[in-house]
Amino acid sequence: MDRKAVRAIKECANIMIDIDSDEEVVDMCKAWSDAQEDAARRAARTASILATVKTARKYGATDEAIFSDIIAQFDLTEKEAREYLLKESA
């Protein structure tokens, strides 16, 4: 598929598709596969972080301790760590 069409699909559907700047055409089968794999990795990481927060709270860890732990363990920014603490509170 040509790059302009791929860019339009990427923007309209809000899909994470890598477009190499050197290629005139994009292998959409590979692009879709890569996007699905990336989404699965991100979902697994999110689940792991939320499970860590939930388990730590279950065993009495303070949010401050959990905050520091998930930043170090998952290489998060402070903003990301706060968001995960809030997600698990909801």
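1. A residue is called buried under 20% relative accessible area, exposed over 50%, and partly exposed in between, with a 1.4 Å probe and protein chains only. At 36% relative accessibility, A39 therefore counts as partly exposed. A39 is found in helix α2, helices being DSSP runs of H or I with at least four residues, numbered from the N terminus. The C-alpha atoms of A39 and I71 are separated by 21 Å, and the two residues are 32 apart along the chain.

2. This is a predicted model, in which local features need pLDDT of at least 70 and side-chain atom pairs count only at pLDDT 80 or more, while totals for chains, interfaces and linings use all residues. Residues are numbered from 1 along each chain as its sequence is written, and side-chain values use heavy atoms, with hydrogens and water left out.

3. Helix α4 comprises 12 residues, 78-89. From its first C-alpha to its last, α4 reaches 17 Å, close to the 16 Å expected at 1.5 Å a residue; the expected span is 1.5 Å times one less than the number of residues.

4. Which residues of α4 are buried? They are A81, Y84 and L85. Seen down the axis of α4, these buried residues fall within an arc of 100°, so they line one face of the helix; the arc is that of the directions from the helix axis to the C-beta atoms. The exposed residues K79 and L86 are carried on the face of α4 turned away from its buried side. The cover over the buried residues includes α2 (28-58) and α3 (63-74), where contact means heavy atoms within 4.5 Å.

5. α3 and α4 pack at an angle of about 125°, and their axes are 9 Å apart. Axes are lines fitted to C-alpha atoms, for helices over the stretch in contact, and angles run from 0 to 180 degrees between N-to-C directions. α3 and α4 are therefore oblique to each other; angles under 35 degrees count as roughly parallel, over 145 as roughly antiparallel, 65 to 115 as roughly perpendicular and the rest as oblique. On the α3 side D63, I66, F67, I70 and I71 meet E78, A81, R82, Y84 and L85 in α4.

6. For α2 and α3, the packing angle is about 150° and the axes are 10 Å apart. These two helices are therefore roughly antiparallel to each other. Their contact is made by R45, S48, I49, T52, V53, A56 and R57 of α2 and D63, I66, D69, I70, Q73 and F74 of α3.
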